[in-house]
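Please look through this model with me. My notes follow as numbered points.

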Protein chains: 2
Amino acid sequence: MLQSKTVTGRTNRFLAGKQSTFAVALAMMVSVVPAQSARAETIGPNVSHFTLNNGLELVVVPDHRVPVLTHMIWYKVGSADEPPGKSGIAHFLEHLMFKGTAKSPAGLFSQTLATIGGQENAFTATDYTAFFQRVSREHLATVMAFEADRMTGLILNDDNVRPELSVVLEEWNMRVGNSPDARLGEQMTAALYVNHPYEKPVIGWHHEIEKLDREDALAFYRRFYTPNNAVVVVTGDVTAEEVKKVAEQTYGAVKPRADIAPRVRPQEPEPSAIRQVTVADPRVAQPTLERSYLVPCYRTAKPGEGEALDVLAHILGSGSTSRLYRFLVAERGLATNAAAYYSGTSFDPTRFGVSVTPQPNVTLPQLETDLDQVIAEIAEKGVTPEELTRAKSRMIADAVYAQDNQATLARWYGAALTTGATIDDVRAWPDRIRAVTADAVRDAAQTWLQKQRSVTGYLVKEWPHVEPPKSPEKHS
Amino acid sequence: MLQSKTVTGRTNRFLAGKQSTFAVALAMMVSVVPAQSARAETIGPNVSHFTLNNGLELVVVPDHRVPVLTHMIWYKVGSADEPPGKSGIAHFLEHLMFKGTAKSPAGLFSQTLATIGGQENAFTATDYTAFFQRVSREHLATVMAFEADRMTGLILNDDNVRPELSVVLEEWNMRVGNSPDARLGEQMTAALYVNHPYEKPVIGWHHEIEKLDREDALAFYRRFYTPNNAVVVVTGDVTAEEVKKVAEQTYGAVKPRADIAPRVRPQEPEPSAIRQVTVADPRVAQPTLERSYLVPCYRTAKPGEGEALDVLAHILGSGSTSRLYRFLVAERGLATNAAAYYSGTSFDPTRFGVSVTPQPNVTLPQLETDLDQVIAEIAEKGVTPEELTRAKSRMIADAVYAQDNQATLARWYGAALTTGATIDDVRAWPDRIRAVTADAVRDAAQTWLQKQRSVTGYLVKEWPHVEPPKSPEKHS
C-alpha cells in the first residue's frame, strides 16, 4: 500500500516489485535517519548546509571512498499541493521536466548522462518531487547546469505534452489499474483522510489525469519550481566549497519567480469512526488485510512521540522477533507474513500501518480478531525492556549501515528538509531513538492505535454474493 | 443522516426533530415535482419565468386562495463551492447576511417582518443558500427591497462577525456534537465521497469553522452573491406582472459584481470498494444501520434513470407496503422501521439511501444480511406491475397535494433551478414518473445498488472491546 502514499517514480527502476517498493519507502519515509551518531564515527559525514542568494538550499555530504557523486534536487511540492480537480499534476509535471528547454532540447540531458555513464531518475510523493543523477565526480557542473536550466526554462507545447499524458495513463494502468494491491491502497487512503489532500492518490485519479493539459502543467510549474522552493543534496566525492562554487555559477543565476506561501493545507478532523474497506479483484491469489491508523508525523508529534511510534512499529512488526510475527505466524499459524511501519517523514499527519497475509485456510475476520488482540496487548501492557533495547539497537544499526549508500543518505536529507525537519533533526535521530522509554511506547500504542482512528482494508478475490430470500413469492 | 447532505437551517424552525428534517429533506431533495399535471388542473399554477437585465432569474407561481405570498431568494452557492480548508463558510455567511447594511442596520429587516406579521428563515445546502419570507401580499416591495439591499450591501466587521461565529459553533454542538446520528452521517458522507466536495459536512468541520473570519466571509460573499447567480421565487397572491415591476424597481438596481464561472467541481472516480463505518456513542439508545449508494442525480442521469431511481426508492422503502418494511418489519420481525430515499435534486452525483432500525434483540449484522437479500431480490427479479402502478400513483398524488403549500412549491422551483433543472423539468416530472417501466426500475437497482458503490454505517452504543490474548506471558 505504500506506493500510493509515498512515491511515484518516473521509471520502474525503483519499483521493480512490491518488495523493492517497500524497501524504498522504508528508506524514504519510515525514518529520518542519522548522518552522525556515536556508532557511526568511521563514516560520519561532515554535513554542510547553506543557502544561495536566490533562496536555494544546499546540503553537502562528502564521502570520498569512490570517485562518484549523487546529485538530487528536491522541490517542496507534491500531490498534496495540487489544486482541487487537478490530481496527478505534480507527477505529470515530473514527467514533463524531461521535455527540454531553449538551451537543451528534449533528450539532451538524458543522452549526456548516458554518454558519461551516469544514472538518473525522478519521483513524486505527497510532499515533494525529486530528480536525481549519479555521475562520476568531475561531472557535477554538467548536472547542475542542466538542472538549473530546467528549473525555470522548460518549454511545453501540445506536441510534447499530449504524448507524455499517454505515458502517464499507461503508467496508471500498470501501477494502479492492474494492481489490486494498489486499488486497495487507494481506497484505504481515501477513507483514512476525509479532509486533507493526502486523501488523493499521488499518481492522481484516472478521470482527472485524463484531462490534464499544458496549461495545468505550466501553472503548477510556475508556482512551485523556483530556487526558493528547492533543496539540492549532493553526496559523494565532493567538498562543500567545490559544490558551493559550482552551485553559485549554475543555480545561482536562476531568479526566484514565485513567492512561496506557507504550506497550509486543510487538516483532518479528529478521527471518530472505525472504517472498513473491501476491494475484490479476480486476480487476487491470496487475500490480505491492511490496517492504517491516522497518527502524528515527526513534524506534528509532541516531543518523543514520533520516535515512540517508530519504535512501536519496529517492535510490533519488524522481522521474525516482532509481536505480530511471533503471535500470528509462529504461534497461532494464522498468517504467512505480518509487518508494521510508521511513515513519520511527512509534512502533515500520517499513517501507522499494519499488514498481514493469512494462511490459505484462515479467513480475514479470524485473522483480524487476533491482530486486534496483539495490538490490545501492547497498548495495555506495554513492551519488555528486552524488546525495547533490541528494537532501538537494531533501528540505529540499520540506519548506520544504510547511510553507506550515497543515494539513501541523500534521500534522508532531501525528504527531511522538504517535510519540515532540519539537518539537526536528522543528526539527532539516533539519540532521540535511544531516549524512547517503554512507557512512551505503551502510551503511543494506547493513544494512537485506537480502532476509531483506523481504516481496515480487505483485499479479496470476489465481491460477496447475496442470494434473494428463500421465499420470494411472498415479496413480489 | 439527511441533514448533513442537505440543509443546514439558520434556526430550528425547520429542524424540530428527525422526522421534520426528513420531511423537509424529502420535499427538497427527493423529487423535482410538478407545477402542472393531468391530475392537478384545479391547482395547476400558471408559472412565469423571466430574467432581469442584471442576470437575476425570477419564477412566479400565482396562488390567490389567501392574500399572502412566499418570497425566496436562492443563491447558486453551497458548501460544495467552498474553497479548500474553509468548510462552513457558506453556512456562516448565511448567518452573517442578517448583520445589516448601510441602509438597513442589523435587525431592521427581521424587526420589520415581525411588525408586519411575517415569517422568515434561511438555509444552506451543498448546492444552494436560500432566504425566505412569508408576508401578506402588500409587502412584496418591502421584502424585495431588503433582499436586494443585502445582496451586495452587507457590512461586516469583527464586532458583528465574531459573536456570530460563536452562534455557529454552538449550532454545531447542538446539531452535530450532540447528535450521534449526525456524527454517523458525517462519517458516511466522508466515506461515500472520496474526491467531490460533497464529502464535507454542510455546516463544516469544527476545526475549520473555528478559524473562519470576516475576510473569508467577504471573499465568499463578493464571489457568489450577485444578481447573476441568484433565483428569486415568489409564490402566492401575486401576478407575474406585479412581481416583475417590483423586482425591476428593487433587484433591478443591483449591479452584477462577479462573473460566475461554470460550476465545475472535482468529480468522483467510479466507486470500487465496499465501505463500512462504525460510530459509537454512549447516548445511542438503539443501534441503527444506514446504507448510502453513490448514484446519478437527475442532472447527470441518463434519460429516465433518475425517475427510475425515484420509483425504486418508493417501492423499496416508502411506507408499510414497501419491500423493506414488509420483509424486515412485518414478516421477519427484525426491524422496527425501514426506509429508502433518493436525493435526485442535486447538481452532482448523489446518494440513494436506506435506513433500518433493528428490534432490540437483533444485531446489525443479522439485519444487514436480510437487508442485502431484499436488495438482491429487487435487482434480480424486479418489481411487480401492481407495485409499480401503486408507487407511481402515490408519488404523483403526493406531489400534487404537497404543492398546496406555497413554501413547498417555492422550494421545488428554487432547488430545481439551482441544481441545473429547468421549469419544464419540474412541470414534466409527473409524466416522466408515469413513463417509468418495471424493467427500468430493475435495471436501476442492478446498476446502482451494487455494494461496491456503497457505504454502510453502523451506529452503536460502545466501541468494540478487545481483550489481549489469553496467554500473554508468551508474547511479552
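**Notes on strands, helices and the chain contact**

1. In strand E11(A), Phe352(A) is the bridge partner of Tyr293(A). Strand E9 (residues 288-295) of chain A and strand E11 (residues 350-358) of chain A run antiparallel and are joined by 7 bridges. Two strands pair if DSSP finds at least two bridges between them. Strands (E, at least two residues) and helices (H or I, at least four) are DSSP runs, numbered from the N terminus.

2. This is a predicted model, in which local features need pLDDT of at least 70, side-chain atom pairs count only at pLDDT 80 or more, and totals for chains, interfaces and linings use all residues. Residues are numbered from 1 along each chain as its sequence is written, while chains are lettered from A and ligands numbered from 1 in the order in which they are written.

3. Which order do the strands of the open sheet take? The order is E10(A)-E11(A)-E9(A)-E12(A)-E8(A)-E8(B)-E12(B)-E9(B)-E11(B)-E10(B), 10 strands with mixed pairing. The edge strands are E10 (335-342) of chain A and E10 (335-342) of chain B; each pairs on one side only. On average, neighbouring strands of this sheet are turned by 15 degrees against each other, direction ignored.

4. Now the link between the chains. E8(A) and E8(B) run antiparallel, joined by 5 bridges. The bridge partner of Ile274(A) in E8(B) is Thr278(B).

5. The contact takes 45 residues from chain A and 45 residues from chain B. Contact means C-beta atoms, placed from the backbone, within 7 Å. On the side of chain B that touches chain A, H7 (180-192), H8 (206-209), E8, H12 (323-331) and H13 (364-381) of chain B each supply at least two residues. The residues of that side divide into 18 nonpolar, 14 polar and 13 charged. Here Ala, Val, Leu, Ile, Met, Phe, Trp, Tyr, Cys and Pro count as nonpolar, Asp, Glu, Lys and Arg as charged, and the others, Gly among them, as polar.

6. Helices H3 (residues 89-96) and H6 (residues 158-177) of chain B pack at an angle of about 120 degrees, with their axes 10 Å apart. That makes H3(B) oblique to H6(B). Oblique covers what is left once angles under 35 degrees count as roughly parallel, over 145 as roughly antiparallel and 65 to 115 as roughly perpendicular. Axes are lines fitted to C-alpha atoms, for helices over the stretch in contact, and angles run from 0 to 180 degrees between N-to-C directions.

7. His91(B), Phe92(B), His95(B) and Leu96(B) in H3(B) meet residues of H6(B), including Val161(B) and Glu164(B).

Key
Contact = placed C-beta atoms within 7 Å.
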